[in-house]
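Okay, everyone, thanks for coming.

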Amino acid sequence: MSETENYRHITVLLHEAVDALAVREGGVYVDGTFGRGGHSRLILSRLGDAGRLVVFDKDPRAVAAAEELARSDKRVSVVHGGFASFQTALDDLGIGDVDGALFDLGVSSPQIDDAARGFSFRFDAPLDMRMDTTRGMSAAEWIASASEQDLHEVIKNYGEERFSRQIARAIVAQRAENPIDTTRKLAQLAAQNVRTRERGQDPATRTFQAVRIFINRELEEVEAVLPQVMCRLKHGGRLAVIAFHSLEDRIVKQFVGKYSRHAPLPRWAAVREADLPEPPLKIVGKALKPGGAEVAANPRARSAVLRVAERTAGPIPAE
């Protein structure tokens, strides 16, 4: 982390995730979400001089931290962009297959704790929510232009908010009089329209999650990158993903489950399942959650789930 940055980030499941990669000294690895480099630095400590690490991040501050690391460690290559560009970025770097890829999904503490980023309803700040502040539409711009139906669907589907229709209706009514351009304005609208609150949760939590996920295309990026990683993993290479909410984790769980078993055979098939090619992925261990000590030290870790899969010698089926 840069010395000028005032926001502390505690890497979640640090050793568990890197251990899951089973790092080979001369291997090529990808950290798809550099953040402030906790996982990356531990991976580098286990790589030899011939090893290589490619790091991705959208956030300009995270990219600056990664580039600072790359200046002192020539094994590191930095990609400023979302990990959905996984294969293209590797091609541009002249890299073929890789030995492992790690994705720590969600928002980092520096992003949440920097009021100016607009991720948190704890501060009154411009409603931005972009992980990459150099491109794309801010949350305020989207809220100003989206239809009531689109607002409802995003808040319902990405936030799993029961009162999404009421919140969407209130947004449309309010923006006709004054723009909803700060975190406080959106949080107040949510509070006024969420009639029953979950214990220990702010009424704006689900709305803020939904808008952030939509603005940054978080679920679409996860869906896009998983098949790309599977195609580029070497035999024995590992995929490790840390998800922080059920929507992300469901995508990962379903993908790994699908490609770690054979598709059901029709009854008339003349081949036995035992004679079929090996599935392309193998699940490694059970889903892992942080222990009590880690959650006590870092409450933001409480919802994290780590899933790990290994590439087998089996062919990737044609879709």
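**A walk through the fold**

Let's begin with Ser 138, which is buried, with a relative accessible area of 9%. By buried I mean under 20% relative accessible area, with exposed being over 50% and partly exposed in between, using a 1.4 Å probe and protein chains only. Before I go on, this is a predicted model, so local features need pLDDT of at least 70 and side-chain atom pairs count only at pLDDT 80 or more, while totals for chains, interfaces and linings use all residues. Residues are numbered from 1 along each chain as its sequence is written, and side-chain values use heavy atoms, with hydrogens and water left out.

Back to Ser 138: you'll find this residue in the loop between helix H5 (109–113) and H6. Helices here are DSSP runs of H or I with at least four residues, strands are runs of E with at least two, and both are numbered from the N terminus. And what does Ser 138 touch, not counting residues up to four places away in sequence? The list is Leu 127, Asp 128, Arg 130 and Ile 215, where contact means heavy atoms within 4.5 Å.

Now the overall picture. The protein chain has 13 helices and 7 strands, and buried residues make up 51% of its 319 residues. If you take contacts between residues at least 6 apart in sequence, 68% of them join residues at least 24 apart.

On to the strands. Strand E1 (residues 28–31) runs parallel to E2, with 4 bridges joining them, and strand E2 (residues 52–57) runs parallel to E3, with 5 bridges. I'm calling two strands paired if DSSP finds at least two bridges between them. On the E3 side, Leu 53 faces Val 76 and Val 54 faces Ser 77.

How do the connections run? E1, helix H2 (residues 38–46) and E2 make a right-handed β-α-β unit. From E2 the chain crosses through helix H3 (residues 60–72) to E3, and that β-α-β crossover is right-handed. Right-handed means that, with the strands pointing away from the viewer, the path from the first strand over the helix to the second runs clockwise. As for E2, 5 of its 6 residues are buried, so this strand is largely enclosed by the rest of the structure.

Next, the aromatics. A search of the whole structure gives 6 aromatic pairs. Rings of Phe, Tyr and Trp (its six-membered ring) pair if their centres lie within 6.5 Å; planes under 30 degrees apart are stacked, over 60 edge-to-face, and the rest tilted. Take Phe 83 and Phe 103: the ring centres are 5.1 Å apart and the planes sit at 70 degrees, so that's an edge-to-face pair. Phe 83 is in the loop between strand E3 (76–80) and helix H4 (86–92), and Phe 103 is in strand E4 (residues 98–104), so the pair ties together parts that are 20 residues apart in sequence. Phe 83 is buried at 8% relative accessibility, and Phe 103 is buried at 1%. Ring pairs link Phe 56, Phe 83, Phe 86 and Phe 103 into a cluster.

That brings me to the cores. A nonpolar core is a set of buried Ala, Val, Leu, Ile, Met, Phe, Trp, Tyr and Cys residues joined through side-chain atoms within 4.5 Å. The largest has 60 residues, and those with the most contacts inside it are Phe 86, Phe 103, Ile 171 and Leu 226. Apart from it lies another core of 28 residues, including Val 12, Leu 42, Leu 44 and Val 76.

Let's look at helix H9 (residues 183–193). Its buried residues include Thr 183, Leu 186, Ala 187, Leu 189, Ala 190 and Asn 193. Looking down the axis of H9, the buried residues fall within an arc of 160 degrees (taken from the directions from the helix axis to the C-beta atoms), so they line one face of the helix. Among the elements covering them are helix H6 (139–145), helix H8 (164–175) and helix H10 (205–215).

Last stop, the backbone. Leu 13 has a phi near 50 degrees, a positive value in a residue other than glycine. Leu 13 lies in the segment before helix H1 (14–21) and is buried, with a relative accessible area of 0%.
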